[in-house]
Amino acid sequence: MSTTEPDALLGPADIRELAAALGVRPTKQRGQNFVIDANTVRRIVRTAEVTPDDVVVEVGPGLGSLTLALLDAARSVVAVEIDDVLASALPATIAARLPARVADFSLVHSDALLVKELPGAPPTALVANLPYNVAVPVLLTMLERFPSIERTLVMVQAEVADRLAAKPGNKVYGVPSVKANWYADVKRAGSIGRNVFWPAPNVDSGLVSLVRRTEPVKTTATRAEVFAVVDAAFAQRRKTLRAALSGWAGSAAAAEAALVAAGVSPQARGEAITVEEFAAIAENKA
């Protein structure tokens, strides 16, 4: 389905020219770092394994670098953009650079955390360069609200990528790790240097791949109930689960009873516990 002309993707000069014309200065408040390297966006699309059957949702398209590469590879793209100026300019960029694909592009001008529905067919993939300051909540919200999303590839701060992909026993394993694993099999999918962004951030970035679980975590507890245990366990991550979950359970004794019933040692800490074990603890709350 590829229709890209050699110059359809945005390079460094194009990005700066667009930004200057719009009076856009990337803001720290919104965690904006625009990708200025066409090879990087091609790599993201390739790593995301986007096909002509995919309906892709992109959060934070910015000036459209990744959007153009996605639209060239996918059946259609829905971009969610909160910034007024960027949202108003993006359709014109698509029309100018990929005129043959204009009908396959939709824009939702909104905060991704507030989006409850998307236009067109249900999305099959989420691919995004997520703003550093809201990456985890946006990712988890999209996975919760749009169960049709089978594959996700997000570019986030390297430290966040490590946390999302961490396994039990890893020192950076925590709330994002467990909650992401509730929805999907999560792994690191590569590293991205600083020089492909404008402005260049002070940290490296990483790609994280999430493939939706074909079988949900087997539990009679609700997602909210399981996540409540996770939040409590890591709110005091240095404490044993017996102590950390005492508030959640009502007392240390009640926490111990739930843990024992779930087959989890009351002396264990949250960083050693799988999402399945957290679900078992939630099930056994008195």
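Reader: How many bridges join strand β5 to β6, and do they run parallel or antiparallel?
Author: Five bridges join strand β5 (residues 125-129) to β6, and the two run parallel. Strands pair if DSSP finds at least two bridges between them. Strands (E, at least two residues) and helices (H or I, at least four) are DSSP runs, numbered from the N terminus. This is a predicted model, in which local features need pLDDT of at least 70, side-chain atom pairs count only at pLDDT 80 or more, and totals for chains, interfaces and linings use all residues. Residues are numbered from 1 along each chain as its sequence is written, and side-chain values use heavy atoms, with hydrogens and water left out.

Reader: Which residue in β6 is the bridge partner of Val 127?
Author: The partner is Leu 153.

Reader: Which strand pairs with β6 in the antiparallel sense?
Author: Strand β9 (residues 205-212) does, over seven bridges. Among the bridge partners, Arg 151 has Val 211 in β9.

Reader: Is β6 mostly covered or exposed?
Author: Strand β6 (residues 151-157) is mostly covered, as seven of its seven residues are buried. Buried means under 20% relative accessible area, exposed over 50%, and partly exposed in between (1.4 Å probe, protein chains only).

Reader: Changing topic, at what angle do α8 and α12 cross?
Author: The axes of helix α8 (residues 223-235) and helix α12 (residues 275-283) cross at roughly 105° and come within 8 Å. Axes are lines fitted to C-alpha atoms, for helices over the stretch in contact, with angles from 0 to 180 degrees between N-to-C directions.

Reader: Which residues of α12 does α8 meet?
Author: Residues of α8, including Val 226 and Phe 234, meet Phe 278, Ala 279, Ile 281 and Ala 282 in α12. Contact means heavy atoms within 4.5 Å.
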